[in-house]
Structure formats: structure tokens, C-alpha cells
Amino acid sequence: MSRIQRIKGFADLFPPESTAFTYMETVAREVFGAYGCQEVRIPILERTELFARSIGEETDVVQKEMYTFTDRKGRSLTLRPEATAGVLRAFIEAGGHEGVTKLFTCGPMFRYERPQKGRMRQFHQLDVEVLGAKTPQADAEVILMLWTFLERLQVVDLTLEINSLGCPACRPAFHAALRSFLEGIDLASLCEDCQRRTTTNPLRVLDCKVPTCRTATVNAPRLLDHLCPECATHFAQVRAILQAAAVPATINHRLVRGLDYYQRTTFEILSGAIGAQSAVAGGGRYDGLVAALGGPDVPGIGFACGMERLALLLPPHRPQPMDFYLAVLDAAALDTALLVGQTLRRHGFRGETAFEAKSPKAHLRQANKLGVKTCLLLGEDEMARGVIVVKDMATGVQTTVAQDDLAQALGFRTA
Ligand code: HAM
């Protein structure tokens, strides 16, 4: 029979790779939880309109990268390309919008991009959204939360880039300045997408990675020079807090992000060690988005970390070794071994029980492979005497212990 293969750009997360993902999620829950975030789980499939309305019709994500299809009733549905829109939809539907709500979610996202190192069609994000706070302190805390998470993972040599996109009060003036700048340059120096963007979404031109577009726009007007006094103060305060917290942030005037919902603070975390797809995390403020999705006028800010890219940067992770391997020397001891293993786990020990009787040599090889601290050996002789042989794998010392006293002999954990 021919083998059915996975789809291009979709990866299996198999051990040991999958353990790195579990580890990242565990640390994320700990760190984000320490800031008051609560976990939400939302559907992977949403109405296409949710993304068109939030991410923006003129973005690459909506224009070219969504997995969209019609269901059996002819409705247009899309596999989520990111989590923010879905989290906000869920927040609106859940009600109870007073005060500050801090949410965390994680899981697979889908974008039809050209796969390469660190860029997948199915990838995973750790996502935080903080709703109901509009002060610069909220922006700073969200960035510090992300930074603390990356520190806890011991990911090094990262840079934090930051910018402000202004607000509906000051953005029009910047748009006008940018449009008139773009009108003044030779259109042929821009890529095909940017030629279209000059009229449909000029901000996107600043974000384009094509070298000729970058050269043509080196002297483009800068957002920070066009901020209204409120946005300028907000940005200055965010930067001052980051500085006081000793988190170095570099201004990147081109940091407009690939999604249309941002206002004011935007930020990205980059690594020089993972190739062209260097953005490990990105986020920003999106006041107005909850209202645009039919909810109350609640401000928000958040970020998402790309787990595949983070995984490339993690120091080697050694999973905690198991406590025991229970070796069975005679088939008649298999049932007892299983029950002994069961009792040990009830006492908090972690280990594996052999499902087949084998020679001591074969079992010790397996115990070594698993890296356990203790190998327990059970044969007919031990069964008859109600004992078990305990071999310390580090010292090689072997003792015989009554089966009833085993948990105590191994250091007795929880009762
Ligand atoms: P984003 O910048 O589109 O932002 O994605 C966040 C992160 O997801 C990126 O920095 C990258 O690490 C990872 N990522 C994106 N696309 C891919 C891909 N094709 N393959 C592998 N990794 C990828 C957002 O998605 C926003 N929703 C973030 C946000 C949350 N803003 C406010 N709240």
C-alpha cells in the first residue's frame, strides 16, 4: 500500500520535539499566570468575516494566506491565521467587560505561506491579550511579561523593537504625508504588491521586505514625527518604563506590523540566530478592535510568540528522568509487577513497568536507555518471598526489599 504523507508546510510534533512544545506551554502558563492571565480555548475555525474585518482586507494574510472554504451550507469559513480575532470574538460573546481582563491561549494557526525554516503553513502561537486597560503601564507590563517569559526559557541574544502607529487622530496626517512621499518616487522601483499598496494601504509599503522597496523608501516620513501629543506622551512613557526595568528597546520606524488592527504601541522580538524568519514574537495595541467586532469600546493590547521559532532557540532541554523501571524476569510476575508499579505511582513516583518477561541483561539495557534512577527486578523467586530487588543505577548497588516497604525504601513521596 502506498503511504499517505503529511501536507506540505504541516509538521508532526513527535517526541522529543513535542516535549519542547509542552515545556514552552508549561512555562507560558506559569509566567503569564503570574501576571493574572487566565487561559481561554477557542475554536480553530471561524467565519471568514471575522478575519477580514479585524486583520484587514488589504493585508497579505487576508489577501493571500488564509485557508478559506465554504461549508456544506455554503458559509465561508477560515482556519484561524492568528488568535487575536478569535479571542476578542469570544470575549465579546462571554460578556462581563468591566475592569481588566487578561487572557492567554495557545494552539495551531494556519497561513498559506511559502514554507521555509521557521515558516510553516500550520504553526503554533502562545498568545496573550490584555483587555480593558489603555494606560502606557499596560503596554509596558505586556512587553515585560513577554520578556520575562523569554528570559525564563533562557533564550538569549534577542532584540526588542518598538514603534508607535499613532491613533485615529494623528494617523490621517501621517497617511497624507506618506502618500505624497510615495507619489514622488518612481513606481517602477517598488514591487508589484507595493505599487498596489501605495493607493490601497500605504502603511504596508514600509513593512515590505523586498530590498528595492526598502531602498526606495529610506527617506519615507516617520510615524514618530507625526504623533499627536497624547500618542507621543504615551510612547515616551512606555519607553521610560522599559528603560527603568532594564529592558533594552530599539526604535524601528518601519515596524507597522502585518495586521491592520494596531494603534499606538507595536513591538517585535527578533533573533539573529534563526535565519530570515527572525521574528520570534510580535504584538501591539489595538484600541477600537473590540468595538469594530461589534463589542463595547474596550481597549486592548497583546502579543503572540511563534513556538516553532522559539523551539529553534531553546537551550537543550533534558526532561526529568523517570524514577524507576520495573523489570520482569518471569511471565508469572507480570501482573504483580503491574500492581507494584501502580502503587509506586500512587506514591508520586514516575516510572515504567515491563510488559514482557526478559533476561536481567536486556532489562538493564532498557533501564539505562530510559535513564531511570532505579531498576526494580521481579522474578519467580522474589514473588515467592514477597520481595523485590532494587538496583541503584548510578552506584550499581543492589538490595532486596519487601514489596510492602518498597515506597518507603525508595524515599516515600506523597501518601
Ligand atoms: P504575527 O506577527 O502575525 O502577530 O505573528 C506572531 C508570531 O507568530 C510571529 O512573530 C512568528 O514568530 C509567528 N509566525 C507567524 N507566521 C508564522 C509562520 N507562517 N510560521 C511560523 N511562525 C509564524 C499575530 O499573529 C498577532 N495576532 C499578535 C498579537 C496578539 N497582536 C496583538 N495580540
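Predicted model: local features only at pLDDT ≥ 70, side-chain atom pairs only at ≥ 80, totals over all residues.
**Entry 1**

I take helices as DSSP runs of H or I with at least four residues and strands as DSSP runs of E with at least two, numbered from the N terminus. Residues are numbered from 1 along each chain as its sequence is written, and side-chain values use heavy atoms, with hydrogens and water left out.

F235 counts as buried because its relative accessibility is 6%. Buried means under 20% relative accessible area, exposed means over 50%, and partly exposed lies in between (1.4 Å probe, protein chains only). Leaving aside neighbours within four places in sequence, I find F235 in contact with I162, N163, S164, L224, L227 and I251; contact means heavy atoms within 4.5 Å.

**Entry 1: helix 5 against helix 10**

I next examined the packing of helix 5 and helix 10, whose axes are 8 Å apart at an angle of about 40°. Axes are lines fitted to C-alpha atoms, for helices over the stretch in contact, and angles run from 0 to 180 degrees between N-to-C directions. Helix 5 and helix 10 are therefore oblique to each other. In this scheme, angles under 35 degrees are roughly parallel, those over 145 roughly antiparallel, those from 65 to 115 roughly perpendicular, and the rest oblique.

Helix 5 passes helix 10 in a right-handed crossing. A crossing is right-handed if the near helix is turned clockwise from the far one by less than a right angle, and left-handed if anticlockwise. From helix 5, the contact takes in P136, Q137, D139, A140, I143 and L144, and from helix 10 it takes in H234, Q237, V238, I241 and L242. I sorted the residues of this contact by class and recorded 7 nonpolar, 3 polar and 1 charged. Ala, Val, Leu, Ile, Met, Phe, Trp, Tyr, Cys and Pro count as nonpolar, Asp, Glu, Lys and Arg as charged, and the others, Gly among them, as polar.

**Entry 2: helix 1 against helix 5**

I then turned to helix 1 (residues 17-34) and helix 5 (residues 136-152), whose axes come within 10 Å and cross at roughly 135°. These two helices are therefore oblique to each other, and their crossing is right-handed. On the helix 1 side I listed Y23, M24, V27, A28, E30, V31 and F32, which meet M145, T148, F149 and R152 in helix 5. The residues of this contact divide into 8 nonpolar, 1 polar and 2 charged.

P16 belongs to the segment before helix 1.

**Entry 3: helix 4 and its cover**

In helix 4 (residues 84-94) I recorded T84, A85, G86, V87, L88, F91 and I92 as buried. Their cover includes strand 2 (45-47), helix 2 (48-55), strand 5 (101-110), strand 6 (122-131) and helix 11 (289-292). G95 follows helix 4 and has a positive phi, near 70°.

**Entry 4: T78**

I located T78 in strand 4 (residues 76-79). T78 counts as buried because its relative accessibility is 0%. The side chains of T78 and T68 are joined by a polar contact of 2.8 Å. A polar contact is a pair of N or O atoms within 3.5 Å; within protein, one must be able to donate a hydrogen and the other to accept it, and residues adjacent in sequence count only if both atoms are side-chain atoms. Beyond neighbours within four places in sequence, the contacts of T78 include I44, L45, E46, T48, F51, M66 and Y67.

I found F267 in strand 9 (residues 263-271), and F267 is buried at 0% relative accessibility. F267 and I162 are 105 residues apart in sequence, yet 4.3 Å apart from C-alpha to C-alpha.

R264 is found in strand 9. R264 is not a glycine but has a positive phi of about 50°, and R264 is buried with a relative accessible area of 16%. R257 lies in the loop between strand 8 (249-251) and strand 9. R257, not a glycine, has a positive phi of about 70° and counts as buried at 10% relative accessibility.
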